[in-house]
Amino acid sequence: MGDVQDLVLHPRILTAAKKAKLQKYEDVLRYSTADLERLTHLSPKDVAHLVREVSEAVRHRTHFATGLQLLLGDCPADLKVKFLSLGCPVLDEFLRGGVVSQGLTEISGESSAGKTQFGLQLCLTVQLPERCGGLGAGAVYICTEDAFPSKRLAQMAQHFPSRGLAPMEVTKSIRFSDQIFVEHTADKDQLSRCITSRLPILLERGVVRLVVIDSIAALFRGEYDSRETARRAKDLQSLGALLRKVSQKYNVPVVCINQVSAVVGDRRGKDNTSSNQKVTPALGLVWSSLVTTRLMVSRTEHSVACPDGSSAVVRRLEVTFSPHLPNTMAYYVVDTQGVKGLR
C-alpha cells in the first residue's frame with residue numbers, strides 16, 4: 001500500500017505518525033482509534049481525520065469487479081485471471097486452460113510420479129507469448145532437497161520447439177535455459193528470505209512470471225519434532241500467506257510440489273494380513289487450507305509405446321479440489337520431450 005507521509009495532512013499529524021512508526025496505510029488501519037490515540041498522542045479529532053484520509057486513499061487505490069466482469073474480462077488488468085499452459089493441449093483442456101495465475105497450485109504424489117517433470121515443463125511454457133499459452137517471462141525454480149535437474153531441463157528444452165506449441169520463429173528466438181533462475185534453500189528461514197527480498201526484485205522488473213518450489217514438504221518434515229506441532233502450523237501459515245501475497249500482488253502462478261504420506265486403512269483381508277493403503281499429501285490440514293488447487297499424480301500399472309519405439313508408464317493426474325475444476329482425472333506419459341496427455 002501507499003505511504004502515510006504522501007497524504008495531504010497537517011504537518012502535526014504527519015510528524016506524530018512518523019514518530020509512532022506508522023509508515024504505511026496498513027500500519028494505521030490495523031489499530032483501533034484508541035490505540036492510535038495512545039501511539040500518536042493526537043486528539044480524537046486528529047486521529048479520526050488520519051483514519052478517514054487513509055481509508056479514502058485505500059478505497060481509490062483498490063480495484064473492484066463483479067463476477068460477470070471477471071468472466072468477460074471487462075475488469076482492471078491486475079484482476080484478470082490468466083492461465084499458464086502445461087505445454088500439452090490435452091492437459092490444458094483437462095484443466096480448462098492450464099494453471100491459474102492467482103493462488104497456490106499444489107502438485108503432490110509419490111516418488112517418480114512425475115511431479116518435477118510438470119515443474120520443469122511449466123518453466124518452459126511460461127516463456128512463450130501469452131497468445132501461445134505462456135506469460136512472456138522467465139521462472140524461478142526453488143529447490144529444497146535435491147540438486148536442480150539441469151540435464152533433464154536441457155533435454156526438454158531441446159525438444160520443446162518441435163512440440164508445436166508456438167510458431168517455429170517464436171520458439172527459435174527464445175533461449176529457454178537462460179530465463180530460469182534457480183535457488184537452493186536448506187531451511188524455511190532461507191526460503192522466507194528468498195520470497196520476501198530476492199524474489200520481488202525479479203517480479204517487479206517483469207523478468208519472471210512463475211514461481212516453482214520443489215518441494216514444500218522437505219523443509220517442514222525434519223525441522224520439527226512431535227512436540228512442536230503448534231509452531232510448525234504457525235510457520236506453515238506464515239509461509240503460505242507469503243506465497244499467496246506474492247501470487248495476488250504480481251498476478252503470477254505459484255506452483256508448490258509436495259510429497260505424500262501413507263495412510264493405512266482398515267484391514268479387510270480374510271486372513272487379516274493384508275491392508276488397504278493409500279496416500280495423502282503431506283503437511284496436513286493447515287497447509288491444505290492455504291492451497292487453491294490441488295493436483296495429485298500417480299503411476300499406474302499400464303504402459304504405452306512411444307514414437308521412438310520405447311515404452312512409457314501411464315500416469316494419472318487427478319484434481320483433488322479446485323474452485324473452478326470438477327473432481328476428475330486424466331492420464332499422461334513422460335518421455336524424452338516431456339509430459340504428454342493421453343486421450
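Let's start with Asn251, in the loop between helix H12 (229–250) and strand E7 (254–258). One caveat: this is a predicted model. Asn251 is not a glycine, yet its phi is positive, about 55 degrees. Is Asn251 buried or exposed? Its relative accessible area is 6%. The cut-off for buried is under 20%, so Asn251 is buried.

Next, Arg96. This residue, not a glycine either, has a positive phi of about 55 degrees. Arg96 sits in the loop between helix H6 (89–94) and strand E2 (99–100). Here the relative accessible area is 53%, so Arg96 is exposed.

Why flag these? Because most residues other than glycine have a negative phi, and most peptide bonds are trans. Ser215 belongs to the loop between strand E6 (208–214) and helix H11 (218–221).

Now the core. The largest nonpolar core has 45 residues. Leu91, Phe118, Leu124, Tyr141, Leu210, Leu317 and Tyr332 touch the most other members. Helix H7 (residues 115–125) gives the largest share, five residues. Apart from this core lies another, of 30 residues, including Leu104 and Leu243.

Last, H7 against helix H8 (residues 150–159). Their axes come within 10 Å and cross at roughly 50 degrees. The two helices are therefore oblique to each other. The crossing is right-handed. From H7, Gln117, Leu120, Gln121 and Leu124 meet Arg152, Leu153, Met156 and Ala157 of H8. By class, that contact has five nonpolar, two polar and one charged residues.

Note on methods. Residues are numbered from 1 along each chain as its sequence is written. This is a predicted model: local features need pLDDT of at least 70, side-chain atom pairs count only at pLDDT 80 or more; totals for chains, interfaces and linings use all residues. Side-chain values use heavy atoms; hydrogens and water are left out. A nonpolar core is a set of buried Ala, Val, Leu, Ile, Met, Phe, Trp, Tyr and Cys residues joined through side-chain atoms within 4.5 Å. Buried means under 20% relative accessible area, exposed over 50%, partly exposed in between (1.4 Å probe, protein chains only). Helices (H or I, at least four residues) and strands (E, at least two) are DSSP runs, numbered from the N terminus. Axes are lines fitted to C-alpha atoms, for helices over the stretch in contact, and angles run from 0 to 180 degrees between N-to-C directions. Angles under 35 degrees count as roughly parallel, over 145 as roughly antiparallel, 65 to 115 as roughly perpendicular and the rest as oblique. A crossing is left-handed if the near helix is turned anticlockwise from the far one by less than a right angle, and right-handed if clockwise. Contact means heavy atoms within 4.5 Å. Ala, Val, Leu, Ile, Met, Phe, Trp, Tyr, Cys and Pro count as nonpolar, Asp, Glu, Lys and Arg as charged, and the others, Gly among them, as polar.
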